[in-house]
Amino acid sequence: MTTSDIDENVRAELDRLRGSIDNIDAAVVHMLAERFKCTQQVGHLKARHQLPPADPAREARQIQRLRELAESAKLDPAFAEKLLNFIIAEVIRHHEQIAGDSPADGTAVE
Ligand SMILES: O=C(O)C(=O)C[C@]1(C(=O)O)C=C[C@@H](O)C=C1
């Protein structure tokens, strides 16, 4: 059986759920885009002031907080931690690129 020859009621329920999934995925993309807009500004600030791209102490606090939020939301905390680490790794890569593009005297224009 394929999804094209299933019962009409099942099809309607599947379509309804998929509609919500599509809305949630869109919200996730928009939220991530906003987060990356902020972290790009952090990257420029850090580059201007010769601050290191990564801040492991800050990350440890973020992971702890996210794990607690995940637990209370009934989301697997290990998954939440992996997701945050994945996002942060990309942010650090951007920070490193920005720092690499900036002259050491901090006179770069954004
Ligand atoms: O808060 C910072 O210092 C950032 O650079 C942002 C951020 C993040 O994406 O949340 C990224 C890298 C750091 O290691 C910690 C946090």
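The largest pocket of this predicted model has a volume of about 410 Å³. Its lining is formed by Val 28, Met 31, Leu 32, Arg 35, Phe 36, Leu 66, Leu 83, Leu 84, Phe 86, Ile 87 and Glu 90. Two helices each supply at least two residues of this lining: helix 1, which covers residues 8-48, and helix 3, which covers residues 77-101. By class, the lining of the largest pocket holds nine nonpolar residues and two charged ones, with no polar residue.

The second largest pocket contains about 270 Å³ of space. It is lined by 14 residues, of which Lys 46, Arg 58, Gln 62, Val 91 and His 95 are the closest to its centre.

Helix 1, helix 2 and helix 3 are the elements that give two or more residues to the shell around the ligand. This shell divides into six nonpolar, three polar and five charged residues. In total, 14 residues surround the ligand, and the closest are Lys 46, Asp 55, Glu 59, Gln 62 and His 95. Lys 46, Gln 62 and His 95 are also named among the residues closest to the centre of the second largest pocket.

Several of these neighbours can be followed to individual atoms. At Glu 59, an N or O atom of the side chain is 2.4 Å from an oxygen atom of the ligand. At His 95, a polar side-chain atom lies 2.8 Å from an oxygen atom of the ligand. On its own, the ligand has 360 Å² of accessible area, and the protein covers 89% of it.

Conventions: Residues numbered from 1 in each chain as written. Predicted model: local features only at pLDDT ≥ 70, side-chain atom pairs only at ≥ 80, totals over all residues. Heavy atoms only, no water. 1 Å grid on protein atoms, 1.4 Å probe; cavity = no way out; pocket = protein on both sides within 12 Å on 5 of 7 lines; lining within 4 Å. Points joined across faces, edges and corners; volume = space filled by probe spheres on them. Helix = DSSP H or I, 4+ residues; strand = E, 2+ residues; numbered from the N terminus. Nonpolar A, V, L, I, M, F, W, Y, C, P; charged D, E, K, R; others polar. Near = heavy atom within 4 Å. Polar contact = N/O pair within 3.5 Å; in protein donor to acceptor, adjacent residues only side chain to side chain. Areas by Shrake-Rupley, 256 points an atom, 1.4 Å probe, with all protein chains shown as cover.
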